[in-house]
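Please have the sequence and the view open while I talk.

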Amino acid sequence: MIDFLQLTIYGIVLGSIISLGAVGLSLIYGILRFPHFAHGDLFTLGAYMAFVVVVFFNVPVLVALPFGVALTALVAVAIDQTVYRRLRKVKPVILLIASVGIALILRSVIQLVWGSGNRVYEAGIQMPHLWMGLRIQNDHLIIVGGTILLVIALHLFLQKTKVGKAMRAMSDNSDLAQVTGIDVNRIIIWTWIIGGGLAAVAGIFLAMDTRLHPVMGWRLLLPVFAAAILGGIGRPYGAIAGGIIIGLVQEYSTPFLSPAYKPAIAFALMILVLIVRPTGIFVGRKV
Amino acid sequence: MLGLIDYAIFSLCIVGIYGLLSLALNIQWGMTGLFNIGIGAFFAIGGYTSGILTSPETTAHVGGFGMPIPVGLLAAMVLSAAIGLLVGLVTLNLRADYLAIATIGIAEIIRLILQNEGWLTGGVRGMANIPRPFEQITGGQFEWAFLVMLIVIIGVVFLALEAARTSAWGRVLRAVRENEPTALASGKDATRFRLEAFVVGCAIMGLAGALYAHLFSFISPEAFEPMLATFLVWVMLIAGGSGNNKGALLGALVIWAIWSGTQILTGYLPAELATRAGALRIILIGVLLIVLLVTRPEGMLSEESDRRRDRRREEREDLKD
Amino acid sequence: MSLLSVEGIYGGYGDVDILNGVNIHVDPGEIVVIIGPNGAGKSTAMKAVFGLVKVREGRIVYQDKPITNLRPDQVVKSGICYVPQENNVFPTLTVQENLEMGAFIRNDDYSADLKKVYELFPVLHEKRRQQAGALSGGQRQMVAMGRALMLDPKLILLDEPTAGLAPAIVDLMFENIKKINGLGVSILMVEQNAKQALAMSHRGYVLTTGRNRFEDTGKNLLANREVAEMFLGG
């Protein structure tokens, strides 16, 4: 029982990280109509951007986090406006290919600058709190608490602000958004700021939980896609739930299967959903 | 001098293997519009399948059945096709993007298996002593014979694909790609056609993987770095001209030359950066892909150029009649 | 002086022209209807006004300013709103959010216009917190028209506003269009229900194969034997 609860804690931590990525991916998918394959590498970029601030100014990672987020959002917007924007008129699948190229470029730039070894924000081992026989680390509380705060903030943004509502409108029907007079490019820029920023937070959290590595984000891309599909593409709230489910299932699988195969579990779950209910497990959007 | 020729022949063998991959992707993407980002996985399935079946008895991994190479090649194709069939059955009647996502899933799982299942694959140490064809006949100089064999295989695949492209089957694939509702309305089962194209492509990718294994005699997860192989093949097809079989081969040649060229270029880097040269090469190729997509998405030889030629030929034949 | 004048436009999708010299004008306060057989270019002409179809030749002038081939968001800013035929609401947004989207380009207080729309269509006020996708066809059409009114436009383009609606609702929709016109908004619409549309319109155009065929008051067109035989089912 205790083991199960411990795995639940790990699953919620991992699920939080996956959710943050999946929610951005789902927003981008809904508005730009292509699966953004460089999303995992935006995680990595965010983690390394924060790493630079940590090393350069010798500050704790949480202080560096906003800078990592801002820089990653900026890079995401720059990539969109220089590359993706030029390809919007053609078929979405060309954007998909371009995003694979961007993924490899981002990863390789990180490798070029920081090498392919592992790095950490803070050396040393964190002593976990012991609570009713469960081990909980400070970082775990930060990751889960931070995710909850961000999800609430995102919810308020999407429901209450003009830009947030316009993002939902574009996700519903981008042609209608255009004839309504919505400034489509401005909304797309906002989408990248939010998607890129959330990806950076996810990457920083992932690096706090594990360590920095040039393919850390790419390795998480499959679970993130699985979460977005589970939640129903283009549905940010579904993506959050999908992320938590994927995180939990991946951790629950570890007593039965080598932990190396965690992504395979996410994949299996995704395939299952695709077979049984391709619109996602929640009330799916009509496609 | 002889060394240089040997190097050139060996290089051409590699180009040929990439050419096969590029042709295979052309059936899936160029002709049918199916996005496969797990090329590396099918390549690896082929390589390891043939490796396990044909290598001499060993304790390093399962098998070592010492079977003849043609059996290995055939099995590589069958297994790759079977796995392609499974993936296709699940995803091909869904939105196109789902296939792309499912294929990274396959690539990721194959990568994990290669690394973690030492009993099956030799793990990170890889799989050695895979037999080379014609070694006895040629007394060690097997590359010549290998290249001839490769050219014959590519020739057969190329001619088959060209025939397919201009056949009714190829026309339906194009219709399926361009405007599905019409193809569906004319009573064609689009999903079945897509599945056929996907499976044929996967089989050829498996064949290419097996040939690679027999060329190098050694394979390891590093050699099958799935993303790199996949990405290079994509750049090759797009540079050459997707939808055009000659373009697929030309793209393989040109991009492989550029890819090798970058290796020479990064050779001049100072020693402390040399370990990171690989990353720089990928960046260069990545930028090339993006520039191609933005400026010349139809590639060097466009699909249209081939269709125009076909039309001219048919007009000539009309005149003869 | 015309509010909108479309002068001899040619254009279409890709290489093939669908419009072969269409002329249309709308005066302030008018309801103008375009009718014609399928493929006559009715909707295409309207889309050309809104920058959704490329105009190759000819020009479009709105309030003395050329708007030929402007982007849709620029046309909106000049004061024309467009209600597409299908999928013309944001289904997962609430009714009120749909209306707010209509005011996206405004940075001032639009609560007076929101109130005006709710007065015009009280049922929308009742359902303002419901998702627009859950409404009936007629109510969705009201949301779409209401959204167009949020910019306080001088001219609204309606593409087949009664398509797919039950006959009882069709009458209601024509009433709504008259009400909007009563607010001083000019209307240019494409309609399949030619008889009813002509009866309520000040003027009408009959297009065939991308050209003007007839042009007259609604009443005269209804009385025109040739038009009756062509489109009104005798």
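If you find C:Gly11, you will see that its bridge partner in β2(C) is C:Leu19, and please keep in mind throughout that this is a predicted model. Strand β1 of chain C, which covers residues 4–12, is joined to β2(C) by six bridges, and the two run antiparallel. Stepping back, these strands belong to an open sheet of four strands in chain C, with antiparallel pairing and the order β2-β1-β4-β5. Its edge strands are β2 (19–26) and β5 (65–66), each of which pairs on one side only. Across β1, β2 and β4 (54–62) of chain C lies helix α1, residues 42–49, which runs at about 65° to β2(C).

Now to the contact between chain B and chain A, which takes 37 residues from chain B and 42 residues from chain A. Together the two chains bury about 3700 Å², with 80% of that on carbon and sulfur atoms. On the chain B side, the residues that lose the most area to chain A are B:Tyr98, B:Ile101 and B:Arg276, which together account for 16% of what that side buries.

How many salt bridges are there between chain B and chain A? The count is one salt bridge, and in it the side chains of B:Glu108 and A:Arg219 meet at 4.0 Å, N to O. As for elements, α4(B) gives the most to the side of chain B that touches chain A, with 14 residues, and by class that side has 27 nonpolar, four polar and six charged residues.

Key: Residues numbered from 1 in each chain as written. Chains lettered and ligands numbered in written order. Predicted model: local features only at pLDDT ≥ 70, side-chain atom pairs only at ≥ 80, totals over all residues. Heavy atoms only, no water. Contact = heavy atoms within 4.5 Å. Buried area = accessible area lost by both parts, 1.4 Å probe. Nonpolar A, V, L, I, M, F, W, Y, C, P; charged D, E, K, R; others polar. Pairing = 2+ DSSP bridges. Axes fitted to C-alpha atoms, helices over the stretch in contact; angles between N-to-C directions.
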